[in-house]
Amino acid sequence: MVVIIFSINIVYVTFFTVRMIMTLKGFRYLAALVSMVEVVIYIVGLGLVLDNLDQIQNLIAYAIGYGSGVIIGSKIEEKMALGYITVNVISNDESDYLPRKLREHGYGVTDWDANGRDGGRQAMQILTPRKMELKLYKAIQEIDPKAFIIAYEPKTIHGGFWVKQVKRGRLFK
């Protein structure tokens, strides 16, 4: 019984975590489908625990399964890498070398001259699918190991070179 409750809760919370992230990323209909499976699993698991409240090991299995499900769901979402990421990069190198090299790798880069505490800088903004995030960081660090990098997820994307390439399916091919 303990193993069943533990397993059911891992599956339930994994579905819950993935569904929540899909909802936040705008995949509403897919999230609704996942939630239908999620609620059935939840009711079965909770029913098993409530029918056996006199056995503390079932409650402990439920709690450990819940925590494990959060970790597993997060790992699955990380592998799915839904959506896009915007990366702001500030380089001490004022030349156009870094933006040019990143463009050669297929990234859409908007760059401009900037000023920092110690003088001139090259600032860039790069939009990429989350699946390409780690490759982008690696490319930046190989070219400029001291680059300052900030990343965030944009809510809305409209217009520009990059969006046209995504719609045509030509990005990173």
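**Note on the predicted model: helix 4 and its surroundings**

1. The buried residues of helix 4 pack against strand 1 (84-91), strand 2 (108-116), strand 3 (119-129) and helix 5 (133-143). Contact here means heavy atoms within 4.5 Å. Helices (H or I, at least four residues) and strands (E, at least two) are DSSP runs, numbered from the N terminus.

2. Basis of the note. This is a predicted model: local features need pLDDT of at least 70, side-chain atom pairs count only at pLDDT 80 or more, and totals for chains, interfaces and linings use all residues. Residues are numbered from 1 along each chain as its sequence is written, and side-chain values use heavy atoms, with hydrogens and water left out.

3. Which residues of helix 4 (residues 97-104) are buried? They are Leu98, Pro99 and Leu102. They cover an arc of only 95° around the axis, so they sit on the same side of helix 4. The arc is taken from the directions from the helix axis to the C-beta atoms. Buried means under 20% relative accessible area, exposed over 50%, and partly exposed in between (1.4 Å probe, protein chains only). After helix 4 comes glycine 106, with a positive phi near 100°.

4. Isoleucine 140 is in helix 5. Its relative accessible area is 0%, so isoleucine 140 is buried. Leaving aside residues up to four places away in sequence, isoleucine 140 touches Val87, Val89, Leu98, Leu102, Ile126, Pro145, Ala147 and Ile149.

5. Tyrosine 137 is also found in helix 5. It touches Ile85, Val87, Ile149 and Ala151, again not counting residues up to four places away in sequence. Tyrosine 137 and isoleucine 149 are twelve residues apart along the chain, and their C-alpha atoms are separated by 8.3 Å.

6. UniProt, in an unreviewed entry, places the feature "domain: DUF5698" at residues 17-73. UniProt positions follow the numbering used here, feature names are shortened, and annotations may be inferred rather than shown by experiment. Over residues 17-73 the chain is 88% helix and 0% strand. The end C-alpha atoms of this stretch are 5 Å apart.

7. Glutamate 77 lies in helix 3 (residues 56-80). Is glutamate 77 buried or exposed? It is buried, with a relative accessible area of 9%. Its contacts, not counting residues up to four places away in sequence, are Ile21, Lys25, Leu82 and Arg130.

8. Isoleucine 21 and isoleucine 140 are 119 residues apart in sequence and 28 Å apart in space, C-alpha to C-alpha.
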